[in-house]
Amino acid sequence: MTILDENPRDLDAHSDASYAASRARSQTLHAVIDDPQARGRAGLRVLTGDRPTGPLHIGHLFATLGSRVAIQDKGIESYILVADYQVITDRDSVGDVHGATLGQLADYLAAGIDPARSTVFAHSAVPAIGQLTLAFLSLVTDAELRRNPTVKDELAATDGRPLSGLLLTYPVHQAADILGVHGTVVPVGRDQLPHVEQTRAIARRFNSRYAGGEEYFRAPDALLTDLPVVPGLDGAKMSTSRGNGISLGMTADETASRIRKARTDSERRISFEPDTRPEVASMLRITGLFTGERPDEVAARIGDGGAAALKRELTMAVNDGLAAHRARRAELAADPEYLEEVLRQGNVRAREVAVRTLEDVHDRLGLRL
Ligand code: TRP
């Protein structure tokens with residue numbers, strides 16, 4: 001038996017047992033983070049990231065940006081990765097990755113990410129992450145990579161593309177993102193759990209195979225968010241490519257026009273029935289997220305007003321709710337030199353940390369010249 005044979009079921013993060021274990025660890029972590037003394041002692045470091053595939057939308061605001069800012073404001077050291085090398089896992093080219101990166105950065109800062117306290121950096125600026133990936137690839141088997149349920153789902157979503165080596169191995173690259181900066185807390189949705197489990201396995205195996213049992217890498221924990229997944233206007237998952245989303249950077253007029261064109265149904269009385277009226281239900285949900293009401297309360301308020309009244313309510317709720325964010329974002333977007341400078345400084349900081357990790361790893365591998 002080699003190190004690679006241990007707990008092969010560990011990575012089956014969609015299995016109930018593994019999910020329950022991740023949830024339990026995440027809950028413990030939430031408790032630690034909420035306790036000022038405990039979090040001070042725990043030496044936590046957050047690493048999280050987004051693929052720069054396009055503008056961030058209101059789903060990101062509720063699901064991730066808000067909690068990142070809250071964590072940062074609790075004094076926990078945070079690293080936020082613009083995962084540019086992950087863009088080509090399932091498409092041919094990165095597109096306007098620079099524009100998308102600056103747009104995302106503007107949204108981070110507008111949402112309250114403070115570059116003095118949080119380090120925003122990009123894969124492509126930190127080559128040490130790529131080199132750590134090579135070392136970590138020695139610690140995984142092709143069978144466990146092929147089993148990764150999220151990779152399988154992503155492959156299935158590409159309509160018959162062959163499985164590229166990068167798509168197959170990107171969870172290991174993601175482990176290098178996390179361990180490269182010694183991240184211990186990874187705020188993610190459930191779909192990313194298999195990658196966190198893979199990272200935990202890599203940390204354990206590295207320690208036992210190459211570090212003589214010393215706990216050089218701490219196995220990170222996923223911090224699961226209980227926030228609702230924000231649906232798109234059509235009831236499906238909000239996504240940039242589906243055109244069913246409202247991006248944070250849209251103007252109020254663009255928002256109104258996107259909502260006006262969205263499909264609903266012809267029933268006049270507005271009711272919250274997600275199974276039979278998915279579009280209407282989504283619009284009620286999104287309105288409620290901004291107004292603080294439950295979707296059925298919004299529906300009751302609109303009553304017989306029909307789709308026109310629902311869309312009016314939704315447009316107002318979104319545009320009012322995003323006005324402050326959009327004003328800050330517009331100011332930042334008007335100053336690309338500032339955004340470039342923030343990214344440059346974040347890249348320098350992340351590079352320093354990752355290079356030190358790589359040197360430590362080389363030491364333990366016996367690769368130091
Ligand atoms: N795969 C993540 C996503 O698509 C982005 C990401 C890249 C990430 N590296 C990461 C998330 C490391 C958490 C930790 O959302």
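**Domain interface**

I started with the area buried between domain 1 and domain 2, which comes to about 980 Å², with 71% of that from carbon and sulfur atoms. Buried area here is the accessible area (1.4 Å probe) that two parts lose on being put together, summed over both. Ile58, Phe62 and Ala110 supply 49% of what domain 1 buries against domain 2, more than any other three residues.

Before going on, I noted that this is a predicted model, where local features need pLDDT of at least 70 and side-chain atom pairs count only at pLDDT 80 or more, while totals for chains, interfaces and linings use all residues. Residues are numbered from 1 along each chain as its sequence is written, and side-chain values use heavy atoms, with hydrogens and water left out.

Next I checked the bounds: domain 1 covers 3-227 + 336-365 and domain 2 covers 252-333, with bounds from an automatic or database domain assignment. Their C-alpha centres lie 33 Å apart. For the contact (heavy atoms within 4.5 Å), I get 12 residues from domain 1 and nine residues from domain 2.

How many salt bridges cross the interface of domain 1 and domain 2? The rule (a side-chain nitrogen of Lys or Arg within 4 Å of a carboxyl oxygen of Asp or Glu) finds one. I also looked up Arg329, which forms a salt bridge with Asp107, the closest N and O atoms being 2.7 Å apart.

**Aromatic rings**

I then searched the whole structure for aromatic pairs and got eight. Rings of Phe, Tyr and Trp (its six-membered ring) pair if their centres lie within 6.5 Å; planes under 30 degrees apart count as stacked, over 60 as edge-to-face and the rest as tilted.

Phe136 and Phe206 have ring centres 6.4 Å apart and planes at 75°, so I logged the pair as edge-to-face. Phe136 is in helix 5 (residues 127-137) and Phe206 in helix 9 (residues 193-209), so this pair ties together parts 70 residues apart in sequence. Helices are DSSP runs (H or I, at least four residues), numbered from the N terminus. Both Phe136 and Phe206 are buried, meaning under 20% relative accessible area with a 1.4 Å probe, protein chains only.

Phe206 also pairs with Tyr216: the centres are 6.1 Å apart and the planes at 50°, so that one is tilted. Tyr216 is buried too. I wrote down one aromatic cluster, formed by Phe136, Phe206, Tyr210, Tyr216 and Phe217.

Last, I looked for charges over rings (NZ of Lys or CZ of Arg within 6 Å of the ring centre and within 35 degrees of the ring normal). Arg364 lies over the face of Tyr216, 4.4 Å from the ring centre, and Arg190 lies over Tyr19 at 3.5 Å.

Note on methods
Helix = DSSP H or I, 4+ residues; strand = E, 2+ residues; numbered from the N terminus. Buried < 20%, exposed > 50% of the residue type's maximum accessible area, 1.4 Å probe, protein only.
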